[in-house]
Amino acid sequence: MTCFQIRCTLTCFGRIENFSQKLHRMCCDGFCSVADRMETNGTDEVEKLKSKLMSAWHNVKYSWVLKSKTAFSRNSPVFLLGKCYHFKAVDVESPTESCTAEALDDDVVTGNVDGFRKDFTSRVWLTYREEFPDLPGSTLTSDCGWGCTLRAGQMILAQALLLHILGRDWTWSEALTLEPLDTETWTSSAARRLMATVEASIQGERAQVTQQPLCAAQGGAEEADSYLQEAYHRTIVSWFGDRPSAQLGIHSLVKLGMTSGKHAGDWYGPAVVAHILRKAVDEAVDAMLKGISVYVAQDCTVYSADVTDSHSGRTGSHCDPQGLNSEAASDSRAVIILIPVRLGGEKINPQYLSFVKSILSLEYCIGIIGGKPKQAYYFVGFQDDSLIYMDPHYCQSFVDVSTSDFPLQSFHCPSPKKMPFSKMDPSCTIGFYSKNVEHYKRISTELSKVAAFNYVIGNCQTTVNASSIDYCEGIILCIILSFFIINIAAFIEREVPCIHLFEGTREGL
């Protein structure tokens, strides 16, 4: 091989050779030092090393995921959390059947395309993170590989808080400036962090990551209002920070999950996450979070009296900076309604497609915690027979949200994803946001029109007497039968009731 060929080879593969040398030297030195420490510290060091190596593998695995571009039909409406968007071709005689999300701003498309992109990107995106402080009861510093359902739960809660504080029409001013997360940006980001991640995992050193600078806010006639909205926006994101003091962060959720037998590294189901979110909001100390509560349905049943009671908060505890709750009483709290359901047996029942579409079309819906088997997503909309979702399976670097100007770019996703309804896991949790009692009545009216909901009329008294025993037994029998029907739903060819709205209290049964 000539000198010229050698120089060409080193030019093309210099980084790979350098990486191999550094990895070999790091492994030799790292494992020797680890072996020395193990002789002194015993088996605890083995567990720490195992944990760090697993974190390193997950960080690399979920950073190198190749994301294909999502195709959208130009001739079908797109629903996003109760809002409808249209992408139509100008040339009606020869329309283009589909386009990618990144190509929606092409000249051949009309309609509110930018509105959809801005609306989707403005939703809070919470993904896997690495190199944050140790999680409670473990040495894990990343949730890669196991925390996707917790992240999906955080996203549905973040959407409820956006509605509560900023309203449904709010959008982030910088939403359209984010670059799409295509294959190049995903892999290049992973390549820059690969060596730092493995080195930190073996040597126990914190990887240094450079954050993108926050774009300067632009002012004008509405500068004060924009500044206030941006402040609320940052406050909401900071509640989900990856640090022990964050009230709705993963550290708090893992700690609350320990009371239910869950630990860091375990798999969390949608129903378990719903109850963890309820506890997290109940224990939150921020004044704005005191103005909202979470109600989790049990046995697929929503008790109207319990929801109404949840709306009655402590006088003066509700913080409504944007005047979103002007119609409610001064002591009224907003309520997030989470309903864990199972839409089929081992697989999703196709009969529930229209049901899921109807739910995501409602303006009160805040999304669905669901996904594929062992892979959780946050469903926010649909087009035709495909669900639109936000994917937490992307490992990003830790961001310190305690600073006043922390970067927001990694908390918003510019690239929506789609998944056929047939691949959806039947276990999921549906979410609604109820501003006040009158708002809940409107929600109940809308839900009663959805075929999959069964609205039970009546009141179940707290003091059970002879006249109410038969009625209560009837309600319990209805619930048992509904669960039995759901489990065999895949074998029958008709729509079945899966959720009950009961005008009574849970204690009445």
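The protein comprises 12 helices and 18 strands, where helices (H or I, at least four residues) and strands (E, at least two) are DSSP runs numbered from the N terminus. The structure is a predicted model, in which local features need pLDDT of at least 70 and side-chain atom pairs count only at pLDDT 80 or more, whereas totals for chains, interfaces and linings use all residues. Residues are numbered from 1 along each chain as its sequence is written, and side-chain values use heavy atoms, with hydrogens and water left out. Of the 509 residues, 50% count as buried; buried denotes under 20% relative accessible area, exposed over 50%, and partly exposed in between (1.4 Å probe, protein chains only). Among contacts (heavy atoms within 4.5 Å) between residues at least 6 apart in sequence, 76% join residues at least 24 apart.

Helix H7 (residues 250–257) has seven of its eight residues buried and is therefore largely enclosed by the rest of the structure. The buried residues of H7 are Ile 250, His 251, Ser 252, Leu 253, Val 254, Leu 256 and Gly 257, and they pack against H4 and H8. The axes of H7 and helix H8 (residues 270–283) come within 9 Å and cross at roughly 115 degrees. Axes are lines fitted to C-alpha atoms, for helices over the stretch in contact, and angles run from 0 to 180 degrees between N-to-C directions. The two helices H7 and H8 are therefore roughly perpendicular to each other; angles under 35 degrees count as roughly parallel, over 145 as roughly antiparallel, 65 to 115 as roughly perpendicular and the rest as oblique. The crossing of H7 and H8 is right-handed. A crossing is termed right-handed if the near helix is turned clockwise from the far one by less than a right angle, and left-handed if anticlockwise. On the H7 side, Leu 253, Leu 256 and Gly 257 meet Ile 276, Leu 277, Lys 279, Ala 280 and Glu 283 of H8. This contact of H7 with H8 contains five nonpolar, one polar and two charged residues, with Ala, Val, Leu, Ile, Met, Phe, Trp, Tyr, Cys and Pro counted as nonpolar, Asp, Glu, Lys and Arg as charged, and the others, Gly among them, as polar.

Helix H8 also packs with helix H4 (residues 148–165), at an angle of about 50 degrees and with the axes 10 Å apart. This angle makes H4 oblique to H8, and the crossing of H4 and H8 is right-handed. The contact involves Thr 149, Leu 150, Gly 153, Ile 156 and Leu 157 of H4, together with Pro 270, Val 273, Ile 276, Leu 277 and Val 281 of H8. By class, the residues of the contact of H4 with H8 are eight nonpolar, two polar and no charged.

In helix H10 (residues 353–360), burial involves Leu 353, Phe 355, Val 356, Ile 359 and Leu 360. Viewed down the axis of H10, these buried residues fall within an arc of 165 degrees, so they line one face of the helix; the arc is that of the directions from the helix axis to the C-beta atoms. In general, an α-helix has 3.6 residues a turn, so residues three or four places apart point the same way.

Tyr 364 lies in the loop between H10 and strand E11 (365–372) and is buried, with a relative accessible area of 8%. Leaving aside neighbours within four places in sequence, Tyr 364 contacts Gly 431, Phe 432, Tyr 433, His 439, Arg 442, Ile 443 and Glu 446. Tyr 364 and Tyr 440 are 76 residues apart in sequence, with a C-alpha to C-alpha separation of 9.3 Å.

Two serines located in helices were also examined. Ser 444, in helix H11 (residues 437–447), is buried at 8% relative accessibility. Its C-alpha atom is separated by 8.7 Å from that of Ser 304, 140 residues apart along the chain. Ser 238, in helix H6 (residues 223–239), is buried with a relative accessible area of 15%. Residues up to four places away in sequence not being counted, Ser 238 touches Ala 246, Val 401 and Phe 406.

Positive phi values occur at Leu 81, near 50 degrees, and at Asp 384, about 55 degrees. Leu 81 is placed in the loop between strand E2 (78–80) and strand E3 (83–85) and counts as buried at 1% relative accessibility. Asp 384 occupies the loop between strand E12 (375–383) and strand E13 (386–390) and is partly exposed, with a relative accessible area of 40%.
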